[in-house]
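Student: Please take me through this structure with questions and answers.

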Amino acid sequence: MKVLTLNVHGWMEKFASKKIKQLAQVIATKDYDVIALQEVNQPMKEGMTEHKRFIKPSQEVNLVPLKKGNYAGVLVKELEKFGKYYFWTWSANHIGYDKYDEGLAILSKTPQNPQVINISQSTEYDNVGTRNILKSEISIFDKKWLIFNGHFSWWEDPEDNQIFKHEWDRAQIALNENMKENIIFMGDFNNEASTYNKGYDYVLKTAPFLNDSYTIAQENYGYATMKGKIDGWKTTSDSKRIDYIFVSDKLTVQKNHVIFNQDNESIVSDHFGVEVIILE
């Protein structure tokens with residue numbers, strides 16, 4: 001089982017059209033089974049569109065239709081040029097950069113049953129603090145998998161409110177209901193692994209049935225998933241590990257590699273990706 005997570009910084013990169021083609025080529029070569037993408041943007045002013053393998057998720061608030069120029073939609077079409085046909089789902093979190101519907105996407109080789117779960121205190125679409133997770137049930141290799149994809153807030157906001165804690169507590173409700181399943185929770189957690197007693201430690205403390213793929217992998221390559229000053233981290237120039245793949249503690253991780261960091265494939269975003277191979 002090959003999985004990938006990547007914050008794509010959709011359409012905000014220089015040479016974005018070239019980079020999405022590079023991303024598609026690598027995905028086609030690596031042949032991932034499931035892919036979780038964050039900051040999947042679509043232009044707000046574009047018209048609605050459809051795709052035959054797009055699966056609309058169940059969602060209670062902020063239902064935003066699929067539009068032309070959706071980053072995941074363009075990526076899926078690029079993958080078709082390589083003979084790779086993915087089912088996919090997408091949902092919007094909030095308005096991004098004043099011009100995009102910004103959201104989350106999950107791509108899978110087999111059909112999926114997706115659901116959107118709000119985890120933030122806000123549900124207002126024009127509030128950048130509005131956050132959801134995307135949960136999807138997928139059957140691959142005769143097994144049922146629960147895939148979670150999230151783009152979380154930082155541990156604290158400028159008023160010292162512990163916003164990540166609130167979001168993770170909400171996400172945990174869905175996790176606790178399914179803790180015996182084969183869970184893969186991927187995404188941009190915006191909390192670095194080396195910071196003591198904050199977001200990363202809180203995840204490990206409150207979800208003991210999940211393991212960080214990095215810490216249990218039989219083979220590791222790379223560490224940091226961001227470098228320098230990027231959106232959301234303008235006051236730092238350090239390299240950090242803030243993107244993760246957490247897996248059920250009954251699963252074995254063969255490989256955990258950082259990718260799209262120039263050493264392992266060209267950079268396509270302001271984040272690097274994480275790819276994992278899970279043994280069946």
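This is a predicted model: local features need pLDDT of at least 70, side-chain atom pairs count only at pLDDT 80 or more; totals for chains, interfaces and linings use all residues.

Tutor: Residues are numbered from 1 along each chain as its sequence is written, and side-chain values use heavy atoms, with hydrogens and water left out.

Student: In what order do the 6 strands of the open sheet stand?

Tutor: Helices (H or I, at least four residues) and strands (E, at least two) are DSSP runs, numbered from the N terminus. Two strands pair if DSSP finds at least two bridges between them. The pairing in this open sheet is mixed, and the order of its 6 strands is 5-6-7-8-13-9.

Student: How many bridges pair strand 6 with strand 7?

Tutor: Strand 6 covers residues 132–140 and strand 7 covers residues 143–151. They form a hairpin with 2 residues between them, and F141 in the turn has a positive phi of about 55°. I140 stands opposite K143, and I133 has G150 as its bridge partner. The pairing is antiparallel, and the number of bridges is 8.

Student: How many of the 9 residues of strand 6 are buried?

Tutor: Buried means under 20% relative accessible area, exposed over 50%, and partly exposed in between (1.4 Å probe, protein chains only). Strand 6 also pairs with strand 5, in the antiparallel sense over 7 bridges, and P114 has S136 as its bridge partner there. Strand 6 is largely enclosed by the rest of the structure, because the count of buried residues is 7.

Student: At about what angle does helix 3 run to strand 8?

Tutor: Helix 3 (residues 163–176) lies across strand 5, strand 6, strand 7, strand 8 (182–188) and strand 9. Its angle to strand 8 is about 155°.

Student: Which kind of aromatic pair do F152 and F164 form?

Tutor: Rings of Phe, Tyr and Trp (its six-membered ring) pair if their centres lie within 6.5 Å; planes under 30 degrees apart count as stacked, over 60 as edge-to-face and the rest as tilted. By this rule the count comes to 20 aromatic pairs. For F152 and F164, the centres are 5.4 Å apart and the planes stand at 55°, so by the cut-offs the pair is tilted.

Student: Where do F152 and F164 lie in the chain?

Tutor: Each of them has 0% relative accessibility and counts as buried. They are 12 residues apart, and the pair links distant parts of the chain. F152 is in the loop between strand 7 and helix 3, and F164 is in helix 3.

Student: Which hand does the crossover from strand 1 to strand 2 have?

Tutor: Strand 1 (residues 2–7) and strand 2 run parallel, joined by 5 bridges. A crossover is right-handed if, with the strands pointing away from the viewer, the path from the first strand over the helix to the second runs clockwise. Here the chain passes through helix 1 (residues 16–30), and the β-α-β crossover is right-handed.

Student: Is T110 buried or partly exposed?

Tutor: T110 lies in the loop between strand 4 and strand 5. Contact means heavy atoms within 4.5 Å, and, leaving aside neighbours within four places in sequence, T110 is in contact with F87, I138, S139 and I140. Its relative accessible area is 24%, so T110 is partly exposed.

Conventions: Axes are lines fitted to C-alpha atoms, for helices over the stretch in contact, and angles run from 0 to 180 degrees between N-to-C directions.
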